Structures are given as structure tokens and as C-alpha cells.
Amino acid sequence: MPITPEPLTEELIREADGLFLGLLRNAMIGVYIIQNGLFRYVNPRFAEMFGYTQEDICGHLGPADLIEPQDRDKVQQAIDKRIDGLAETAHYTFHGAHRERRALELEVFGTRTEFAGKPAIIGMLIDITARRAAERTATEQLNFIGQLIEAIPSPLFFKDEQARYVGCNKAFEAFLGSPRDAIIGRSVFELSPPDLAQRYHAADQALFDNPGVQTYEASVESAGGQRRDVIFNKATYFKADGQLGGLVGVITDITQRKQTEALIWMQANYDPLTGLPNRRLLNDRLAEFVKRTHRTHDCVAVMFIDLDRFKEVNDTLGHEAGDRLLVEAARRIVACLRESDTVARQGGDEFTVLLPGLSERAPIERIAEDIIQSLCQPFQLGNDVAYVSASIGITLCPADATTPADILKNADQAMYHAKEAGRNRFSYFSPSMQANALEHLQLGKDLRLALGAGQLSLHYQPILNLASGRPDKAEALLRWTHPERGPIPPAVFIPVAEELGLIDTIGTWVFQQAAATARRWQQSLPPGIREAHPIQITINTSPRQFAKGKSLEVLLESLEALELPGSCIAIEITESLLLDEQPAVTAQLARLRAAGIQLSIDDFGTGYSAMAYLTRMDIDTLKIDRSFIRNLTINPGDLAIAEAIIVMAHKLGLNVVGEGIETEAQRERLAAAGCNYGQGFLFSRPIPEHDFFEFLARQGAPASP
């Protein structure tokens, strides 16, 4: 039974001629008919694709003429199969041979047919050159992007709009310690611990709700359970239709940076030796406490702790032992405090304690006493045992001061008051301490001006040969006459000069003046007596002049310029300087001795009295301290000590000077004991140079002009 065509099909058949003509005239598609190896027909578009006209091709050229060599066999086989009836249709692409050798890629749709009773092929040809170029460009770009993503050392990942992983690079696999197959298609809840997954999910959702970029810090846990600190940098991307496609993220590992920052913060805020907060962190915490007291009207007590005799431990046992002592001292102080308290190392052997919430003296003093008692206990330092004590200054905020700087200054002043009171004790700050500190500061300012203003002078106290009665020596003593306060004792201003670093400048001036006086004294002696009657001026020196400074160098230069022998000058030093045995000090002493300058030990018997240095050092004279001379005639013990010093000194080839002689009986006892020289008010008080030369004249020695 014949099939009745559908109405539309019948209509198409009726209009077939017109439709076919429209197809042939199509400006986008090339139409061709192949028969007997030649193109029987091509439409204008077909000819244009290859750079020919219809007349050039039809009946003259075959398929092989319009195909690049590499594709001819492929195309010919497809044509043959249809001509031979082995295939009805074919669809393929090939590289066309353009008349002007342009690149040409074509897509073919061909069907077997009959034309004039013989097999033929009719087909359509589409120019896909631009499309293929675009595809290649896109492929190259995708390959480049893929290689670039893999080459990025930072972990990188992609997620879809459901926050499921859709891609990542090798660095991301390595960072998580999981293969890509185990990551793709999963969510953070399947790959990360719950706490981290919730953090990631909330961040992703926030980014999806507000598309753009996002940066935040978090942690990432690898498959092995190790957590690392990271920075996430994320951005959304969109599909071709403008809908949200998902996000891309890059991870920056900041674990090392965080560790470095933590280390830097620790180094900046904690003492590396004791592990306690340092001065910087102390100031920050004190500032916070001060702010709190302003808000809550609370109180904070501040202690400043200094270890007594710590320098002796360093000098005798070494700095390593000193460090061990500081570590143990820090531990003991912490053990005496509450958890809410702060103890910091200010530097050296100084510690500061903050006691918030304490205003009553009883609990503050209990803590101070505990610290003092704890630090008095022996310190076992390897095979050695050391003993120190503590001087503590206490101040209250806001009662005494309301700024961190003033609070610490007050505690420091109170600590020095505790030291002056005998050490191993605590002392509260008082306004009088502030007044004394201000006076001390003003004294320093005035002292800086005193030398240039001519307020300093030298007085000379004769030192007599007890056997002959001649004034063979004199001690140069520095005096300061303040224009408003009058005479200021050396015991007051010399420590200030040392503290301010003025002692070397003042010492230089003293050396120059004393050397000039020695020159005038020498010139006052007639020829003949000058050589037979040696003279000598002794000068007190500070240990700081040996450790640093140039005043001793100036002394040597002054003697050379004045053509004076070194024996005209003697340097008075303390026993502690000899016990220091620093290379710089030893070298300075050796230079003085090489120049003929004599060395005298001042106040012998009151210091360390470690007799070994008398044999190691080239000492000339010992001065018996006035404390032994004072009761010489009434205290047999003091007389015995003085006699023992004289005998020992003579056995070592040293001269002895007894200072502080005020009575004839004292002079007689010393002379009878064999003491070489005497100095004291019995003979003369310290007097200016002019009066000193008059004294020399009265003693029968020629005075200066």
C-alpha cells in the first residue's frame, strides 16, 4: 500500500526547484557536484573559497587539484567509496589548496547521487578556517593556563557554585597531602576537620552572597594532621550566561612568617636569659595598669630590685656564673609573687615588679621581705657558691606618680636610698628623695660649667718624712667652690663627675695643674739640692680613668713637656682597681711604671686587702687609713694593725704613709714603728699652692718666687 506523503513534504517537493536554486546561491555554503573525477558544477561560493571562478573549476579541475597533498588520499578514498556504492554519505574535514596558497580548512558533507544516469557526488562545503584558528588559539590558551596553574608554587583550587572542588594544581595536592582524585567533587566538610570546615564554608558563602574578592587568615590541616597558618585569597567567576560559576582560591603559607613574627616579638619583649618580660614589655604593661587606675581608682605598687654585690660574682666567678645567678634570682622572685603580678628584667642585675591592686603596706612589705629572704639564700653555681642580697625601692601609683616614667624613676630613687641605708632592705619612695634627685641633677649641671668658670682648684697637703721632718711629698686635693653654695666636698661631687662621665676631663685638668706645680716646686730648689732632695705630688685617680679616657695619656705628655722625671708624680689608686685585673687597667699601670711614675695604695686595710696583688703589681707605697691612726694611742688593736702593715710593707720593699695624723703622740708612735711618712692636720691642712710654698719656706726649704 503506497505511503501518502505528509502535506509539508508534498509542498517541499512542489517547491524543490526553487529551494535548490536558493541553496546553490547561498553565500555561506559551497555546493559542488563531482562526476568522472571532475567538478561538474560548483556554486560561486565554492569557487570563491579556493580563489577561483566557476569557469576555472567546472569541467577543468578535480578534487585532487583543490586538496593539500597530506589530505588527498583520505579525501579520494571517501569519494571512491560513494562512487562505487560502498557508502551513501561522508563527513570529514581537509586542508584545501587555495589558489594563492592561503591557509584553508574545510568541512565536507557529501552524498552519493546520479547525474545524467551516472554515479556522482553532490555535497556542501563549509569554510572552517577561522573556526579552527579560534579553536587552536583557545586550546593553546587553555594549555598555557593549565601549565601556568601547575607551575604556580602556591596551592590553587577551584570550586563550583555549590562550593565543591572542581580543580586544583599539584601544589594544592602536595599541601593537603591528598591526590587530586580524592579532592575533586568533594566539599570542605568531607576533607577538613569540623572546626576548619565550618570556617571555610562560612567564608565561601559570604563570597557567593557578595561576589568579588576575599582575603582572610585561617589554618589548613594536611592529611597527616599537621596544621599550618595560611592566607586565603579568593575571587568569584561567572559562566557564559552571566550566572555565578564558583570561585578560585590561592593559599599562601605564612607558618614560617608567623613563627618568625612570634620569635621577633619574643625577642623584642622578653629577656633571652631569664625569659622574663623586658623593659619594653614592662613599660607597656605599666602603661595599661596606669590607665586602669584612672578608670577604676585602683592602685598598683611598683618594686625596683637591684642585686647587691652582683658585680663581685661576675668579677670573681665569671660572666657565665653571673648569668646562672640571674636566672636563679629571676626564678626566686617569681616564686614570691602572685599570678597577677609581673616581674621584668630591666637589664643587668635589676628587676622590676608590678603589683596591681595593692595599696596597703602590709601585703607589699610581706612580698618585699619574701624576695629579700629568698635572694639572701646561697646560690649554687656549679662547684661554686655565691651570696648576694637585694635592695628594693617601692613606689605607689597613683599616690606617688601617675605616669610610667615618673613611677619607674621614683622606684629607682627609693632603691638607691635602700642601698645607701645599708643594702639588703627595702625603702619606700618619699618626696624628699625627689628633692635630693633634683639637687643631684642640678649639681651635675653646675659641675659641667665649673671647670670653664674657674670654680675648681687644687689644694696641697704636705706629706712629711717622719725621720727628717722634711716635706718631701704633697697630696693634690681637688676643691670646688660653688658661686652660690660655697665649698662642695669632693665626696659629694666626685661621684657625680663619675656618673656624668666628666671624671676624665676633670682628671686631665688635675694632672696638668699638679705637674705644673711639681715643676715650680722643683725649680724652687737650688741646684745641687734639687738632685739630692726628691719631691713628689700624689694624685688621686678614679678607676674609670684607667678603664676609659685619655687623662693618663695627658699626664705623660705633661711630664715630657715640662721635662720632669716620672718620680715627681705618684698615682693613688684603690685595692679594688688592682683586683679588677682588666687588660686595659694592667696595661695602663704598666705604662705609668715604665715612665717612672710611682703607685700608691690609698686607704690600705679597709678594702679587699688581698695581699697577693702586692707581689704581682709593682707598688711603691701603702697609705695606712686614717681610721687606724685615729685611735692609735688608745686602742692597742689599731696600733698592732698599723705596726703589722709597716713591717709587712718594709719586708716587701714598700714605703708607708700614715694619713690623718692630728697629734704629736700619733706621730711619735708611727715614727717609732718605722713609718716612713706622715700626713695630717698636725702638719698642715690642704692649702692653696701659694700657701703651700709659704709652708715650704717656713720649713726651711726655698719657696717659689
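This is a predicted model: local features need pLDDT of at least 70, side-chain atom pairs count only at pLDDT 80 or more; totals for chains, interfaces and linings use all residues.
Local features are reported at pLDDT of at least 70 and side-chain atom pairs at pLDDT 80 or more, while totals for chains, interfaces and linings use all residues. Residues are numbered from 1 along each chain as its sequence is written, and side-chain values use heavy atoms, without hydrogens and water.

**Nonpolar cores**

A nonpolar core is here a set of buried Ala, Val, Leu, Ile, Met, Phe, Trp, Tyr and Cys residues joined through side-chain atoms within 4.5 Å; buried means under 20% relative accessible area, with a 1.4 Å probe and protein chains only. The largest such core has 71 residues, and Leu-447, Ile-537, Ile-571 and Leu-622 have the most contacts inside it. Helix α18 (residues 503-524) supplies the largest share of this core, 9 residues. Another core, of 36 residues, lies apart from it and includes Leu-276, Leu-307, Leu-337 and Ile-367. In soluble globular proteins, nonpolar side chains tend to be buried together.

Contact means heavy atoms within 4.5 Å. Leaving aside residues up to four places away in sequence, Leu-447 touches Trp-480, Phe-493, Val-496, Ala-497, Leu-502 and Ile-506.

The expected span of a helix is 1.5 Å times one less than its number of residues.

| Helix | Residues | Span between end C-alpha atoms | Expected span |
|---|---|---|---|
| α14 (361-376) | 16 residues | 22 Å | 22 Å |

In α9 the buried residues are Leu-196, Ala-197, Tyr-200, Ala-203, Asp-204, Leu-207 and Phe-208. Because they cover an arc of only 140° around the axis, they lie on the same side of α9; the arc is taken from the directions between the helix axis and the C-beta atoms. Their cover includes β6 (156-160), α8 (188-191) and β8 (213-221).

The buried residues of α14, among them Ile-364, Ile-367 and Ile-371, pack against β11 (300-308), α13, β13 (350-356), β14 (379-381), β16 (389-397) and β17 (425-428).

**The α12 and α13 pair**

Helix α12 (residues 310-317) meets helix α13 (residues 319-335) through Phe-310, Val-313, Asn-314 and Leu-317 on the α12 side. On the α13 side the partners include Leu-325 and Leu-326.

**Phe-379**

Phe-379 is found in strand β14 and counts as buried because its relative accessibility is 1%. Its contacts include Leu-325, Ala-329, Val-385 and Val-388.

Technical notes
Buried means under 20% relative accessible area, exposed over 50%, partly exposed in between (1.4 Å probe, protein chains only). Helices (H or I, at least four residues) and strands (E, at least two) are DSSP runs, numbered from the N terminus. Axes are lines fitted to C-alpha atoms, for helices over the stretch in contact, and angles run from 0 to 180 degrees between N-to-C directions.
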